[in-house]
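Q: How should I read helices, packing and burial in a model such as this one? Please take the features in turn.

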Amino acid sequence: MSCSGPMSNARYTLPMIQLPRMCRGTKPYAEAVERTRALVTERIAYWSQIYGIPYGRIFVRKQKTRWGSCSVARNLNFNYRLGFLPFHLADYIVVHELCHIPQQNHSDAFWALVAEAYPEYKTLRKELHSYRF
């Protein structure tokens, strides 16, 4: 199956990749949450130090439509499925959410902040669209 719809580009078509679906309360789900929590905690600590952006708490949840989110209280929420993504995509999502702490929008200033770590963020965003929940 190829990527189609408003986010597709005829010159940049990737196959759709279905990520695992797990039920809360099961051992595989708990293991996936802990794997993702360990990855996110390590990467947030690293990027927070690089950017000089303090953060609140980190949560790993079973979100239906989001890879992550950021609250005004500086808390960061991540989808447990991040642990199933290639490292460079999971790391990009961590940077993306961390950059929402000082920039609570998708303005040019926000994207400039993301580009400090990932200048190829547009390509990463397209690649991320090939993964389905």
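Predicted model: local features only at pLDDT ≥ 70, side-chain atom pairs only at ≥ 80, totals over all residues.

Q: What share of the residues is buried?
A: Buried means under 20% relative accessible area, exposed over 50%, and partly exposed in between (1.4 Å probe, protein chains only). Of the 133 residues of the protein, 43% count as buried.

Q: What share of the contacts joins residues at least 24 apart?
A: Contact means heavy atoms within 4.5 Å. Among contacts between residues at least 6 apart in sequence, 55% join residues at least 24 apart.

Q: How does the span of α1 compare with the one expected?
A: The expected span of a helix is 1.5 Å times one less than its number of residues. Helix α1 (residues 27-51) has 25 residues and reaches 35 Å from first C-alpha to last, close to the expected 36 Å. After α1 comes Gly 52, with a positive phi near 75°.

Q: Which residues of α1 are buried, and what covers them?
A: The buried residues of α1 are Tyr 29, Ala 32, Val 33, Thr 36, Leu 39, Val 40, Arg 43, Ile 44, Trp 47, Ser 48 and Tyr 51. Their cover includes β2 (58-61), β4 (76-79), α2 and α3 (108-117).

Q: How do α1 and α2 pack?
A: Two packed helices are described by the angle between their axes and the distance between the axes. Axes are lines fitted to C-alpha atoms, for helices over the stretch in contact, and angles run from 0 to 180 degrees between N-to-C directions. For α1 and α2 the angle is about 55° and the axes are 10 Å apart. Angles under 35 degrees count as roughly parallel, over 145 as roughly antiparallel, 65 to 115 as roughly perpendicular and the rest as oblique. The pair α1 and α2 is therefore oblique.

Q: Which residues make the contact of α1 with α2?
A: From α1 come Leu 39, Val 40, Arg 43, Ile 44, Trp 47, Ser 48 and Tyr 51, and from α2 come Phe 87, Ala 90, Asp 91, Val 94, Val 95, Leu 98 and Cys 99. Ala, Val, Leu, Ile, Met, Phe, Trp, Tyr, Cys and Pro count as nonpolar, Asp, Glu, Lys and Arg as charged, and the others, Gly among them, as polar. On that scheme the contact of α1 with α2 has 11 nonpolar, 1 polar and 2 charged residues.

Q: Is Arg 43 buried or exposed, and what does Arg 43 touch?
A: Arg 43 counts as buried because its relative accessibility is 12%. Leaving out residues up to four places away in sequence, Arg 43 touches Phe 87, Asp 91 and Val 94.

Q: At what angle do α2 and α4 cross?
A: The axes of α2 (residues 87-99) and α4 (residues 121-128) come within 10 Å and cross at roughly 115°, so the two helices are roughly perpendicular. The contact is made by His 88, Leu 89, Tyr 92 and Ile 93 of α2 with Tyr 121, Leu 124, Arg 125, Glu 127 and Leu 128 of α4. These residues divide into 6 nonpolar, 1 polar and 2 charged.

Q: What does His 88 touch?
A: Not counting residues up to four places away in sequence, His 88 touches Tyr 118, Leu 124 and Glu 127. His 88 is partly exposed, at 31% relative accessible area.

Q: Where is Tyr 80, and is Tyr 80 buried or exposed?
A: Tyr 80 is in the loop between β4 and α2 and counts as buried, at 0% relative accessibility. Residues that Tyr 80 touches include Pro 20, Tyr 29, Thr 36 and Val 60.

Q: What is the phi of Arg 74?
A: Most residues other than glycine have a negative phi. Arg 74 has a positive phi, near 70°, and lies in the loop between β3 (68-70) and β4.

Methods:
Residues numbered from 1 in each chain as written. Heavy atoms only, no water. Helix = DSSP H or I, 4+ residues; strand = E, 2+ residues; numbered from the N terminus.
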